[in-house]
Amino acid sequence: MSRLNYNEDFDKELISYLKKDIVSRERIVFIPTTPKNILLTKKYASEIIRLFEINELIFKDVKILHNKIETTLMVNFINNADVIFLMGGDTLCQYKFLKENNLIEPITNFKGVVIGLSAGAINMCKNAILTSVQEAKEIIIFEGLNLVDFSIEVHFDKDNYVQKKDLLKIYSENQIETVFCLSDTSGIRVSDKSIDFLGEKIYKVTNDKIFRFLR
């Protein structure tokens, strides 16, 4: 997902998929992008939980990871979770946190539902990409978690010349087969059997242009 609007309910289509996919709702684990700022992480996680609860998605146990929790305990939380939620914010900071705490392997081996929001969605990709309009202010490409075999650009604005120029450059200069651009309030659901596109403003990058992807 590119973005959630914390002042409104989840999109009905998204909620429908979440209720279908999240069969067991015992434990959810939130993975932060600001692991040192525990209060901020808890604030945003609480807002997400509130949105879940409004839509009758209620978890009995909520774990929010941060840098003061022992690695072995974090791994245990992940291994026993039903849902992992990769939060939005600083993409590189989140990936660094995962790498430094040896959480990449437990996540890639996880058999439950993984939700990525903005930065978290970027990190889920095989090749994670950041354009210069994102937080790093430069083009960055790195190996992501490889949970999905495509790349995404979040907060896509079809009228942003710099963002589009960066995406075309990334596509042409790197061997990345598929790049989807997600406008806010859009997302992609990947299951064993299908790929589903949520929202109306999803675009795809080709050799020389970015076009509206019609599902």
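**Aromatic pairs and their surroundings**

Mentor: Both F52 and F85 are buried. Please keep in mind that this is a predicted model.

Trainee: Where do F52 and F85 lie in the chain?

Mentor: F52 belongs to helix α2 (residues 38-54), while F85 belongs to strand β3 (residues 83-86). They are 33 residues apart, and the pair links distant parts of the chain.

Trainee: How many aromatic pairs are there?

Mentor: The count comes to seven aromatic pairs. In the pair of F52 and F85, the ring centres are 6.4 Å apart and the planes stand at 85°, so this pair is edge-to-face. An angle over 60 degrees is what places a pair in that class.

Trainee: Which residues form one aromatic cluster?

Mentor: The cluster consists of F30, F52, F59 and F85.

Trainee: What about F150 and F180, what kind of aromatic pair do they form?

Mentor: F150 and F180 form an edge-to-face pair, with 5.4 Å from centre to centre and 85° between the planes. F150 is in the loop between β6 (140-143) and β7 (151-153), and F180 is in strand β8 (residues 179-182), so the pair ties together parts that are 30 residues apart in sequence.

Trainee: Is F150 buried or exposed?

Mentor: F150 is buried, because its relative accessible area is 7% and the cut-off for buried is under 20%. F180 counts as buried too, at 6% relative accessibility.

Trainee: Changing topic: which residue lies over the face of Y44?

Mentor: That residue is K43, at 4.5 Å from the ring centre of Y44.

Trainee: Now the strands. In which sense do β1 and β2 pair, parallel or antiparallel?

Mentor: Strand β1 (residues 27-31) and strand β2 (residues 61-64) pair in the parallel sense, over four bridges. Within this pairing, V29 stands opposite K63 in β2. The chain passes from β1 through α2 to β2, and this β-α-β crossover is right-handed.

Trainee: And how do side chains sit along a strand in general?

Mentor: In a regular strand, they alternate between the two faces of the sheet.

Trainee: What is N101 in contact with, leaving aside its neighbours within four places in sequence?

Mentor: On that basis, N101 is in contact with T71 and M74. The side chains of N101 and T71 are also joined by a polar contact of 3.2 Å.

Terms used
Residues are numbered from 1 along each chain as its sequence is written. This is a predicted model: local features need pLDDT of at least 70, side-chain atom pairs count only at pLDDT 80 or more; totals for chains, interfaces and linings use all residues. Side-chain values use heavy atoms; hydrogens and water are left out. A polar contact is a pair of N or O atoms within 3.5 Å; within protein, one must be able to donate a hydrogen and the other to accept it, and residues adjacent in sequence count only if both atoms are side-chain atoms. Contact means heavy atoms within 4.5 Å. Rings of Phe, Tyr and Trp (its six-membered ring) pair if their centres lie within 6.5 Å; planes under 30 degrees apart count as stacked, over 60 as edge-to-face and the rest as tilted. Helices (H or I, at least four residues) and strands (E, at least two) are DSSP runs, numbered from the N terminus. Buried means under 20% relative accessible area, exposed over 50%, partly exposed in between (1.4 Å probe, protein chains only). A charge sits over a ring if NZ of Lys or CZ of Arg is within 6 Å of the ring centre and within 35 degrees of the ring normal. Two strands pair if DSSP finds at least two bridges between them. A crossover is right-handed if, with the strands pointing away from the viewer, the path from the first strand over the helix to the second runs clockwise.
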